[in-house]
Amino acid sequence: MKNIDHLIISPIKCRGCRSCQLACSFIKTEEFNPAKSMIRMERDVETGHTAPMILPLGCDLCNGDPACLKACTYGALSSGPERSDYRVLVQ
Amino acid sequence: MARPRSWIVTVDLSTGKVDREPVDEQVNSTFLGGSGVGWKLVADRLKPGIDPFSEENLICVNPGILAGTLTPGTPKTSVVTKFPTIASDDGKHYIGSCTTGGRYLGVALRRAGCEHLFIKGKADSPVYLAIKDDKVELVDARDFWGKGIEAVNNELVCREGPESGVVVIGTAGENLVRQALTIVDKTNSLGRGGLGAVMGSKNLKAIVVNGSGGVKVAQPSEFMNVSEELRQRILKWPKRAHWIELGLAAGWDTFKHTQYPGIWPKDEWDKLYGEKTRMETVEEVIADNSCILACRLKWKIKGGEYDGEIGFGSPFSKSATSGMLLGVRDFRKMIHIVADANSNTGIDFYTTTRMIDFVTKMYEIGRLSKEDTGGLELTREYKTYLKLYEMTVNREGFGDVMADGWYRLKKEYGLEPQEYWYAGICKGVDFIYDARPSNFHPLMMSFFTRPRPHHGGSHTRTNSRNKTLEEIREQVEGWGLSEETVRNIFTEAPYTGKFNVGRYTRYMEDMMRVKNSIGLCSIYSYQGLLFGNDQARLYNAATGENVSAGELVARGERISNVAKMINVREGFSRDDDRVPEVWFRPMDSPEGRIEMQDYYQTKVLTKEDVNRLLDDYYEERGWEIEKGIPTQKKLKELGLAEYLKDL
């Protein structure tokens, strides 16, 4: 069991695959449903760019082993050195 | 848990009536789901012999059964319709399926509980179809008519919400240009052969879908375990870092050999259209839903008269080949046409630029006159190309003939499509790849054996040159075929080289039916990362069934046979599965003479060789070799006796 206590969002690295949303909803509900995940995806209509926004009040960081973090393969979600003064940081 | 139920939503554009019915469980299993079921539904509901532009034509939109899950690379949606391409001298039209990825469309359809969207009839005036869960509405789209694809896409996302999956047609589709396609989620194209024109004929400008439901699988834990195992395998692919940096701009080193049109020296092509130009132009590489091998591009032209122009999709390979064919040395000028086609008009860039190449050359040598073109001089220069492009989109003057495709050119001016010098034409569609520089690999064969001549998700290992026999064998073995079948595929013969392309193609096509039904992108099989047995594990966990890869292939075979039978009903036979003549004419290039060789380049293939391979293909299918159509025995064996009457 990991002990991750925060997530860092790097919007510029997001490719829009929405794996984070799918992983989050699945671990909580056993179905794939972005509406039931703790992540909202911002979408810039003109450029097409997307970025994950994690809902700070609902997210429990999966008890230290966030499913979204494992699902993101593009580096848009990460967790750096121990920091206890925030739970979600947008870079 | 049992297989989650799937639904057919039928929308009649003429009456506005909407029906919702569940898919029969047996049909779902027998035809896999997704586009496999879509084929079956179209076979049952589409009246034979109709005009593709008539109200009676159907559009059946089918997200794959894994769309909306976390499984890598499963965003795909396939559409079955009767395409308006004029496919023969006697004016036949094929029924085909086309396939697309996208970030939103497939997922949105699944979440809206719309596994099969059936569209029929014709609206009185332009509409768009808005689906939000159970709510299905036809919305007035008169203000969108005449507008470009990107503008409409953006407006629809603003209106309907940020998770909207969107299919839009451009002005070419509105004008019933037979080579008009559609654009999905701004980044993906769908429907070479004229899906855009079919939508146009129905006054349907766009489809926008939103769903709030979840996508369920029968065995959640098992499904996630398999998905995770496959994800880890794909993440270890050594080329992944390069791939996700360049997406579909990657691969120039292969492409410059396999798609070489033979006019400029390769070094020169390299300088004008090579990797450097791609690196300069790519801005972002976008992933489709759940894809960990991002490939869709956002690009920006830098410098020149189109400085700052932004586009979405994949402009490089197509602009490089057409750029050489047309003698346009500035790649930005070609990319500008791709951008306009993808963002505004929705016309097929390949077909349009190649027809332009054909007619301007014909004009140059006096086979077309100024009288023929309505006074327009078809000079071989960029401004003429742009003019012809616009005239085709708008069906203006001579462009009206171009907008009906290759066979109309033949009918009006006696210009035989088989005379065209690059890649070749079959069933009225110009191939993307030319078998001379590419060699005769299975995708080449599939171009003329499939009902709709396009690759459409069939890529396998053999699309790359010189893969070892071991690599090819590994893929074939993953399809779960019998030892005898595998032995036959790898039996060397003088007319085929070390493996039998004809026999291989049959199974490649059946696997394509599987991939399109489950919604798996063929990049993963092309790169040798996911195999047939992996797909069986995913299918089983999603549906609760317990089938082998071999059984999946068998169901893929059933779908292939239904697809064939609907086309047999339209009069298609071996006569239409014709190998392009140009493949047998040597390409004399600055690099030397290039002839069509077998996969491992051991010999030049003759027409007799390829016809032997076609015999083998039909034999492997259990079809009548002379006619190239299913036998009674085969249909009975596959449980398709209802189609015996169409033989």
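Contact here means heavy atoms within 4.5 Å. The model is predicted. This briefing covers the nonpolar cores of chain B, one buried arginine and a three-stranded sheet.

**Nonpolar cores**
- B:Phe398 touches residues beyond its close sequence neighbours: B:Val359, B:Leu368, B:Asp372, B:Thr373, B:Leu378, B:Leu388, B:Met391, B:Leu409 and B:Tyr413.
- The largest nonpolar core holds 179 residues. B:Phe398 is among the members that touch the most others, along with B:Tyr273, B:Phe440, B:Phe448, B:Tyr524 and B:Trp583.
- Helix H25 of chain B (residues 549-569) supplies the largest share of this core, nine residues.

**A buried arginine**
- B:Arg278 sits in helix H11 of chain B, residues 275-281.
- Its relative accessibility is 0%, so B:Arg278 counts as buried; the cut-off is under 20%.
- Leaving out residues up to four places away in sequence, B:Arg278 contacts B:Leu248, B:Ala249, B:Ala250, B:Trp252, B:Phe255, B:Tyr273, B:Phe316 and B:Ser317.
- B:Leu248 is 30 residues from B:Arg278 in sequence, with 9.9 Å between their C-alpha atoms.

**The three-stranded sheet**
- Strands S13, S14 and S15 of chain B form an open, antiparallel sheet in that order.
- S13 (282-286) and S15 (310-313) of chain B are the edge strands, each pairing on one side only.
- On average, neighbouring strands are turned by 15 degrees against each other, direction ignored.
- Four bridges link S13(B) to S14(B), residues 296-300. B:Glu284 has B:Lys298 as its bridge partner in S14(B).
- Helix H13 of chain B (residues 331-345) lies across S14 and S15 of chain B, at about 120 degrees to S14(B).

Notes. Residues numbered from 1 in each chain as written. Chains lettered and ligands numbered in written order. Predicted model: local features only at pLDDT ≥ 70, side-chain atom pairs only at ≥ 80, totals over all residues. Heavy atoms only, no water. Core = buried A, V, L, I, M, F, W, Y, C linked by side-chain atoms within 4.5 Å. Buried < 20%, exposed > 50% of the residue type's maximum accessible area, 1.4 Å probe, protein only. Helix = DSSP H or I, 4+ residues; strand = E, 2+ residues; numbered from the N terminus. Pairing = 2+ DSSP bridges. Axes fitted to C-alpha atoms, helices over the stretch in contact; angles between N-to-C directions.
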